[in-house]
Amino acid sequence: AQKVTQAQTEISVVEKEDVTLDCVYETRDTTYYLFWYKQPPSGELVFLIRRNSFDEQNEISGRYSWNFQKSTSSFNFTITASQVVDSAVYFCALSDEGGTGRRALTFGSGTRLQVQP
Amino acid sequence: EPEVTQTPSHQVTQMGQEVILRCVPISNHLYFYWYRQILGQKVEFLVSFYNNEISEKSEIFDDQFSVERPDGSNFTLKIRSTKLEDSAMYFCASRTEVRNQPQHFGDGTRLSIL
């Protein structure tokens, strides 16, 4: 079974600080896909980044970077130089193969990020 | 950029009534999904649909729920006899056949059961 844990329920930072959101996942499959989505106060779900299980290279995209570690089953997400517009709930999500093709997303419980001016 | 479209944005319904939530997925996408999010909680999977049939469903998706793709563009979720606990935000999502591609979500329909 798939499981995603986001232990941080709420984080508050001051603008321009860096912030890392933690995500730990569980799956029995060797092939799986990890995602981060952002849910701003307006309520929509916005795709941010993805990572395949067979690609552990960590990347930076603008102010976003991520750290994927298979050894610890973690997929952490960092926002550099945070801005007030980054205030949102951030969800980590997992989709594995499930033996019959790629399964639907299992979401973590979300981390609410508040960036204070 | 193409997007998933959901209508209505807000639906208010009396308990026991039927409700149909509508979605237009991105045109070249082949996998379709419904998720729900009870206020303040995490996003939960309901059902996935591929090749005109349900490919996976969760325990939440009981006999009160059904999905349909009545034509080449719409994808609907029907709740036959709504209950108070069906009040939630319902999200439609779609993706291509390429396995590492993300699901793209609509803006959601807020369903309020009175």
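Is A:Asp86 buried or exposed, and what is its relative accessibility? A:Asp86 counts as buried at 1% relative accessibility, where buried means under 20% relative accessible area, exposed over 50% and partly exposed in between (1.4 Å probe, protein chains only).

This is a predicted model, in which local features need pLDDT of at least 70, side-chain atom pairs count only at pLDDT 80 or more, and totals for chains, interfaces and linings use all residues. Residues are numbered from 1 along each chain as its sequence is written, chains are lettered from A and ligands numbered from 1 in the order in which they are written, and side-chain values use heavy atoms, with hydrogens and water left out.

**View 1. Salt bridge between A:Arg63 and A:Asp86.** The closest N and O atoms of this pair are 2.8 Å apart; a salt bridge is a side-chain nitrogen of Lys or Arg within 4 Å of a carboxyl oxygen of Asp or Glu. A:Arg63 lies in the loop between strand E7 (60-61) and E8 of chain A, and A:Asp86 in the loop between E9 and E10 of chain A, so the bridge ties together parts 23 residues apart in sequence. Strands (E, at least two residues) are DSSP runs, numbered from the N terminus. A:Arg63 is partly exposed, with a relative accessible area of 26%.

**View 2. Salt bridge between B:Arg36 and B:Glu44.** Over all chains the structure holds two salt bridges. In this one the closest N and O atoms are 3.3 Å apart. B:Arg36 is buried at 11% relative accessible area, whereas B:Glu44 is partly exposed at 23%.

**View 3. The largest nonpolar core.** A nonpolar core is a set of buried Ala, Val, Leu, Ile, Met, Phe, Trp, Tyr and Cys residues joined through side-chain atoms within 4.5 Å. This core has 24 residues, of which A:Trp36, A:Phe75, A:Phe77, A:Tyr90 and A:Leu113 touch the most other members. Its largest share, four residues, comes from E10(A). Residues up to four places away in sequence aside, A:Phe77 touches residues including A:Val19, A:Leu21, A:Leu48, A:Tyr64 and A:Trp66; contact means heavy atoms within 4.5 Å. Another core lies apart from the largest one and has 21 residues, among them B:Val19, B:Val47, B:Leu111 and B:Ile113.

View 4. B:Thr82 is buried, with a relative accessible area of 2%. Its side chain reaches the backbone oxygen of B:Gln17 at 2.9 Å and the backbone oxygen of B:Gln14 at 3.3 Å. Leaving aside neighbours within four places in sequence, B:Thr82 is also in contact with residues including B:Met15, B:Gly16 and B:Ile113.

**View 5. The interface between chain B and chain A.** The contact takes 18 residues from chain B and 20 residues from chain A. About 1,700 Å² is buried between the chains, with carbon and sulfur atoms giving 53%; buried area is the accessible area (1.4 Å probe) that two parts lose on being put together, summed over both. On the chain B side, B:Arg99, B:Asn100 and B:Phe105 lose the most area to chain A, together 31% of what that side buries. The count of salt bridges between the two chains is zero.

Conventions:
Polar contact = N/O pair within 3.5 Å; in protein donor to acceptor, adjacent residues only side chain to side chain.
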